[in-house]
Amino acid sequence: MGAVPSTPRHSSSSETAEYLIATFVGEKSFPLDSDFWQKLLELPPSLRWPAHRVRQACNLFTQNNCCTRHLAKILIHLAWCLQEATQTSGAPSAVYMKAVNAVYISSAFLKYTFENSQSENLAQLYLSLDENEAIHDEFVTDQSIENLVMHNVLGFIASVDVSPNTYLLHQELVSFLLVAMSTQLLSGPTPGPKDVNPFIDAAMSQEVLLVSSVVRRLLLNYITRPHVPLSRAYSIFSEGNQPGVLERVGSAAASIVLLPFNYLASSNGEGSRNQLADSSLHVLLVLIHYRKCLVNEESITKRSNESLTSDSVSKVSTYFSDNPYCKALENARDIEFDRVDVEGTASANNGSVVRLPFASLFDTLGMCLADEAAVLLLYSLVQGNSDFLEYVLVRTDLDMLLMPILETLYNASRKTSNQIYMLLIILLILSQDSSFSASIHKMVLPAVPWYKEHLLHQTSLGSLMVIILIRTVQYNLSKLRDVYLHTTCLATLANMAPHVHRLSAYASQRLVSLFYMLSRKYNKLAELRDEKLHIKMNSIEQDNLTDDMSAELQIYTDFLRIVLEILNAVLTYALPRNPEVIYAIMHRQEVFQPFKNHPRFNELLENIYTVLDFFNSRMDAQRLDGEWSVEKVLQLIINHCRSWRGEGMKMFTQLHFSYEQESHPEEFFIPYVWQLVISRSGFSFNPSAISLFPVDLHANKEIRDGEEPNIRPNGDVNEFNLHLDP
């Protein structure tokens, strides 16, 4: 395949394709204006080539690209094809076919070059033309090739509507973006000034209007989830009896030009998934969470006499540039409301504001929260976009969003830890608003069929949320044992506590049981620590072990205090509305006795015992024929709640926890996003080339969609620090 065969006079289409691909990867360089490029891009779409032949071609291509610069040239032709397709209204099928072929070929060879790059700066890309190259009139010499390509790829996505004629090109362009931005996989988990990401950096440099349009289009793709009508599947790009290009998409054996589709992506076989919608979401997540690390110019000046080795770079001052895609998402507005500023005039940047149908976005997220990428999008919106958060909080059908969240938490053992953390943070953010905590207790659920431990009938959404949060803590105690997860659950419960209304009997029982569960853990730790202290061993290891146990004991002391504050908030601010909570405390009052004199708990327990004394005395004063039943005790509590005046209760400042994102969230989010892209989308990548996060290698097998890669998390999520400020 190294030599370029002569073209047969009467060659078949497969022989012509063999010749053209061999020429493309061979030693001979063809100028930009050569007819060769048109012939290459006009190849019929039905030809197939085995995967091993593709890899041979890619290997030969990387050897010769330094001289031929064919990667740069195919990318330029891709940009020109997209320009033609964008500027030509109702472009003919041949124009789209050329663009599709250009993006297929570019993606395959670009990805192979990334995966097999021998240098950290990706020098093997050779994204420039040779000095002796005759410059085409359409090529601007002072514009980088990566910027030219990204500008036109993003421009087509933003300006050309998805239709049966353009669907495949849209799909392959968003797949191309994942390939082009996958250079992040080659860098470490902490972005540094020496990282090389030419294509995503080019995306970041686009004008604000284009950035906003791209964000809008990607979200609309996700919301509308466009499908290609089956009746058009074999007519697009077809001429006469020639099979259409979409014929290649239907099976795992499909091929693109001579490049097998499953070399770039493989089908996951889930009928409910929408490839364009999912790929658009993955591209959006990669874009909004990217951070480029730059070196402060003053630091460079001060160290001008030093070479920027890895050691010296770590010592100079660095900062992260602004991300325009993140800003565009954070400033997105509801299309139903044309917002104006305080003076009543439209804002100056009104044209660049992303306008979205929040109602449709809300509904789509509610349907898709089983997908981890959808969870991350919801987190990004409620954490960064105050308008969308406000919209969510005023919806009267919050159960559409909360029920799938709570069901996912219920099935935590079958979910990733990162997905659980994201969902808990979302609940914490929502609970910061008092109206949310009040409204969820007024929404009654007829049944919760997926909850198996107890029959939940006519339970409020607020009661269900309390039950699931406590169940998550219980699961964490036995399995994950993650302090951060405990903290987030308890913080959310604390925010909800003053607004609890008619908490169900089962939720009230679980709340008291939560104190009991944590107290058992506390007592066990205290006993173990005391045992170690009594063992007269003076080794450093023993001292360190005792210190660690004391630190853990302090953590559980704080947890117990938060639970007591939760109970206090209910009793102080919502006692008449929650007779079941009083009953649960009375029924298990013995669990509080061991902590009555504890210096951290005694003031809080005084309030609990004030309530207990009030209702116990009413029970003692009431003459009753026969024994007390649950119904009779509960009725007594309800009757005497009316006469409760809170006398003797000490008022404590209400606990209120808020979520604050860590100052360097990119160290968590960039690896996390790419883990989702690789494990959930149709994107494959050589695991031995990945440095962004640890991967267990399996005989050089590519990670493909539909397989769960053995990806170890980038440390515990408590490395991704979250501040909970009471």
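Two rings of Phe, Tyr or Trp (the six-membered ring in the case of Trp) are taken as an aromatic pair if their centres lie within 6.5 Å, and the pair counts as stacked with planes under 30 degrees apart, as edge-to-face with planes over 60 degrees apart, and as tilted otherwise. The model is predicted, so that local features need pLDDT of at least 70 and side-chain atom pairs count only at pLDDT 80 or more, while totals for chains, interfaces and linings use all residues. Residues are numbered from 1 along each chain as its sequence is written, and side-chain values use heavy atoms, with hydrogens and water left out.

Phe-358 and Phe-388 are both buried, that is, under 20% relative accessible area with a 1.4 Å probe, protein chains only.

The ring centres of Tyr-421 and Tyr-484 are 5.7 Å apart and their planes stand at 55°, so this pair is tilted. Because Tyr-421 lies in helix α19 (residues 417-431) and Tyr-484 in helix α22 (residues 483-496), the pair ties together parts that are 63 residues apart in sequence. Tyr-421 and Tyr-484 are both buried.

Elsewhere, Phe-24, Phe-30, Phe-36, Trp-37, Phe-61 and Phe-109 are linked into a cluster by ring pairs.

Key. Buried < 20%, exposed > 50% of the residue type's maximum accessible area, 1.4 Å probe, protein only. Helix = DSSP H or I, 4+ residues; strand = E, 2+ residues; numbered from the N terminus.
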